[in-house]
Amino acid sequence: MSFRIPKQAREWLNRDKKINFTFEGETFTGFEGDTISSALWAAEQKVLGRSFKYHRPRGVLSLANHDINVMLTDGTDTNMRGDIVELKEGMSLNAVNTIGGVKKDKNSYIDSISPLLPVGFYYKAFHTPRRLFPFWENIIRKAAGLGVVNFNYPRILKRKQHAHCDLLVIGAGPTGLTAAYEAAQAGLEVTIIDENRHAGGSLGYNRAGDKASVEYLDDLLNKVVRHPKITLRTDAYAAGYYPDHLIPVVEAGGITKFRAKAVIVASGAFEQPPVFRYNDLPGVMLGSAAQRLIYRYSVKPFNNGIVVTANDYGYRVAIDLLDAGTKVVAVVDLRSGSNGGLHAAELYRRGIKIYPGHCVYEALATSDKSSVRGAVICAYDDKENIALAANKFTLECDGIAMSAGWAPAAALLYQAGTGMQFDYGVQQFVPNRLPEGVFAAGKVNGIYDLDQRMRDGIRAASDALRHLGHSVAPYAIEKHNGPSPSHAYPMVPHAKGKNFVDFDEDIQIKDFENAAKEGFDNIELMKRFTTVGMGPSQGKHSNMNAIRILAKIRSLPVEKIGTTTSRPFFHPTPIGHLGGRGFHPHRLTAIHDWHQAHGAVFTDIGAWKRAAYYPAANHSKEDAIQAEAMAVRKSAGIIDASSFGKIEIYGPDAAEFLERFFTGSYISQKVGSCRYVLLLDESGVVVDDGIASRLATDLFYLSIGTSNAAAVYREMQRSQQEWQLNIALVNVTGAYGAMNIAGPSAREILASLTDLDLSYESFPISHIQEAVVAGVEARVIRVAFVSDMAYELHVPMAQSQHVWNALIEAGKKHGLRPFGSDTQRLLRLEMGHHMPGIDTDGLTNPFEIGAEWAIKMDKPYFIGQRSLSILAKRPLRKQLVPFVLASNFNADMPMECNLVIDGNEIAGRVTSISYSKFIDRCIGFAFVTPAKKAVGSEFQIRTDSGSLVTATVVETPFFKNQIKSQKGA
Amino acid sequence: MKLLTCPVNGTRPLSEFIFGGEYRQAPEQNSCTDAEWAAYVHNRHGAPGDKKEWWYHSPSGTWFIAERNTLTDKVSSTYLLSQKNLNEEKAAQEAGK
Amino acid sequence: MQALNESLNAKKDSKTALKTTPVAHAYIKTTAKWAIVNEMEIAVEFASNDIEQTRKKVLGITDVSCFERYGIKGPQASKWLADHELAIPSNPNSWALSNQKDLVLRLGSSEFLIEDQLDDVASKKLADITRVEGLYPVVRADAAFILSGSEVLNLFSELCSLDLRDSSLLANDVVMTQVAGISAIVMRQNLNGEQVYRLWCDGTYGSYMWEMLLEVAVELGGGAVGLSSYKN
């Protein structure tokens, strides 16, 4: 037995290629081009899935990704949507969320106890007592759920691309195709996308037996596909709308982010199910689903069908069913006063029984509940929306096609900020106020007649053209005329319920009534309480009915109920698509490979990879750091400081610029000397510090810490925009490599590579010299940051490896060793230098860190000056002090950010702390109350474990200056 | 993603820009009171409406001013601060004539 | 102008002070043939000529960081270019070619990047700038690339959000934008009769940029192309 019928015009199948697959262990054959659902339905397999909550058997509902009745797994992918996923050779498929298979799901007992599980049941029943909730949650989550996550899912790269076009048309139905063609004819570059595998939209299947629609489509597609200005992409859905016409389009291979100059949304409408008892049985499907089965896949929906309709569309469906070889038992029309239009006459002629003013009171299931065996029909009061069941009768059938109306596929319009209003002529929300450059056409715009839709496409194209500055005449379009394509309230109440509104979530009419009774009678609250529209199809087939039901309950017009918020993504989109390639930009110094070859452990500082320390075999991090620090104190060490921020300030006003930007004095600074710079913000808070070296009267060379460099440079640029001084700022951070060679042997090592006089007398601390080192032009700075016997070399980045190698070679016999940024932090601490960002926070002013000496209050202006003048009048609240722990301290080691405790009060915190092997003490900085700042004061630090450790305030540096000559220091 | 127009480099996605806060004129620091200065430093007017904002085009290092309505998120104009000063000077001169 | 040491060049020993391309770290995984071009060690060959020619046609990525380049900025920069008979690109963010071999990029309004094309050392003479007020040198240490082939826009579509098609990126446009998440300069030019795209970024991002470009290029059927294939 098979539901497959002879080849239909424009069917999507390749009949030359058979596809073998298994479903629930059974072997099936379909054709290439089939979806999983169409192939199974062709084989008369109707139970294709189980519902989320009650485990009810389910079959085809929309065949269009507007419901998730058919969710499958092939062992790798989970929650595959059978209605749209194309069949592949060798697929081995199972329905998700069953125990023991889709036909005999052991969890189907839940359906029979469903009266015990009213909406909100889980919330109420299991949340108290709280301690038991995890137990219940475990059970509930296993029973109610979808597919099982595959933790071995292969990582397959999905590209994320950018694309551009003049006009993006969403939806390649008759409206969209016409709009795209019109716009392209006028010269626009148009991209048109459609989520279906083939373009054409309803023109492909809504035929009512008319062969002309196929020719129409052929003609339209021919024009579009051949047009050089049109790109058509099918199997591609517009996932959302983001500002300024950015539309991510999702395809199997990845996401393309389209930036369009204008957008036409011609996305059509979702058919909405009428609501009656057992409207979810396999074999009960939407009219458009029946048409899709017939014309896309050449599958007969059923043998003996009933059409239940509440609009004229159902009559078209009935004709299509007849043409497919289905015997139409009857057409049941909820409307009493309607004649069903043209097609009703044809049905009469073909001897089909029509019951106006009637409804399907309930569908009857076969004994194994795998299909429909009949329908109970009775009169329907179309005003009061009640079934008049007194004279009900039963018609036998094996399927029911339903047509009750439509809901606009307006998600993108909502996201773009479109104002929608309810149009009673079509019983639908339609765009009322569209954002600039966004246009709607066709069913989503409340236009249903085919001819009129195509003209609406032309109208939208002309609107888009005018928006883009083309002079084309406005094109007017009349509103929908004739019977409403949607019924105002296609619900059939039933005392026993099971009349489903939301098939994803098993929500019935009474669930809404109960929710309203509990006070959840606002659409957003009702959504969350009942979970309507919260399933994977996001209300595509249920939200409109939910709004109608709520409006009825509250006796309000539909437009007063409003709609829920429509969020991206339009269809669920795999995480791998969202992730894409992933960019992790990082900066490397030119010496990076050397560090790697010498076993460096790297740390991320901003975008930079810096060598943190170089552990020898079996050395701990702490050992490595102490050994590197000891080398600097006893012989020599060298660090790659290329990540330091380096900025050149050129021009006659260079010194003036620094005077305004930093706290100190620079006009008086001598060429060849270096000065400390301290940057504050306008409120007087410490931002960063560094060294300004004067290389010429009109050139300063600024070096600042790694992490803040980009931000400081940016602020300098901003200040220059405001001040308009005669200067030029050049960020040479990446252009110069830097290295600092430090320690008692540093001078001798460096001397072997340069002619420069390095004596401490002629080249004292805080001075800069330009010299050739190892054959390379270098800026040599005596900075006492990690040692008072240190030279910082700045050389062109591309030659820094060369200079580094030369120094390493020259330093071999002196025990020179590299040290990393972690060691540098210890070394500067030993030297007693605090660091902004480590020893200061977002509230620290310079008085609190004892930096008064760096501030020249009597100059006309610097950033933060006015605030300091206010702060200076106030008593200090905290003070940064250097401290030591007891000698031979051997207890619980305090950490950075541990609190300083005074009695029961918090008196401050530790900002830096480390053991120094060289000094053989634990040393650090801490904020304390000013009362404790005097040298010799003691304070208590509370460690992580709660113990109190006594610290003593000392003076910096923590050890004696190593250079004997006072002059050179 | 929003687009923003840098007066030098043209229209670019917002990801190329860094927001620099509201553009505000500091009071004359030598004559204002402490309270006026503190208000300038610490207080921001959060009500939505037309604002002048600093924006930085990162790839080119261009600071400019964007006039943006923070309620509608519409940017009405962007310009270099120096351009605006020139424009204002011109306007003032012409008004003075 | 008072400067510290005006006789630096005399002591410079160029033989030992080799430069290294900023992309060097990314080459570790390749078996490239190296050479010294303009005093810089750089990969000049990644595969056989046939393979490289094929890659070039599909999507070739070439490191040309070794091209000599020099930057200037300041109000006198245009005048200085004129004095040195170099072309001045007329608009901000455009480029011009001088004497068929010196590429002059105008970055914004008053900053310029001058780059020698293949086999030229003209910008060396630029380096001896005597500093004058309003003219300031900008030391460049860019990683520089040539991207060629039929799939190059396909590559950019993933790494850059801008429309770089001919209709949008005009022949003499220079764009400062983001590529693979970092600031970069992009333009297109004709090199030996082929249209190629040029890309510059901060040298410290050079290895990262190379890795990203190459990863995409290989996926699209292209790959690394050595500098040699541009020297014929």
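**Figure 1. Fold of chain B.** In this predicted model, chain B has a secondary structure of two helices and six strands, where helices (H or I, at least four residues) and strands (E, at least two) are DSSP runs numbered from the N terminus. Along the sequence, these elements follow the order β-β-β-α-β-β-β-α. Of the 97 residues of chain B, 21% are buried; a residue counts as buried if 20 or more other C-beta atoms, placed from the backbone, lie within 10 Å of its own. Where contacts in chain B join residues at least 6 apart in sequence, 44% link residues at least 24 apart, a contact being a pair of residues whose C-beta atoms, placed from the backbone, lie within 7 Å. Because the model is predicted, local features need pLDDT of at least 70 and side-chain atom pairs count only at pLDDT 80 or more, whereas totals for chains, interfaces and linings use all residues. Residues are numbered from 1 along each chain as its sequence is written, and chains are lettered from A and ligands numbered from 1 in the order in which they are written.

**Figure 2. Interface of chain B with chain A.** Here 16 residues of chain B are in contact with 15 residues of chain A. On the chain B side, α1 (34-42), β4 (50-57) and α2 (81-96) each supply at least two residues. The greatest contribution to this side is that of α1(B), with five residues. Its composition by class is nine nonpolar, five polar and two charged residues; Ala, Val, Leu, Ile, Met, Phe, Trp, Tyr, Cys and Pro count as nonpolar, Asp, Glu, Lys and Arg as charged, and the others, Gly among them, as polar.

**Figure 3. Interface of chain A with chain C.** This contact takes 44 residues from chain A and 41 residues from chain C. Elements giving two or more residues to the chain A side include β8 (159-170), β34 (686-696) and α22 (797-811) of chain A. The largest share of that side, six residues, belongs to β8(A). By class, the chain A side comprises 21 nonpolar, 14 polar and nine charged residues.

Figure 4. Strand β19(A) (residues 358-365) is largely enclosed by the rest of the structure, because six of its eight residues are buried. It runs antiparallel to β20(A) (residues 372-381), to which seven bridges join it; strands pair if DSSP finds at least two bridges between them. Cys359(A) stands opposite Cys378(A) in β20(A). Six residues lie between the two strands of this hairpin, in which Lys369(A) takes a positive phi near 60°.

Notes. Buried ≥ 20, exposed ≤ 12 C-beta atoms within 10 Å, placed from the backbone. Contact = placed C-beta atoms within 7 Å.
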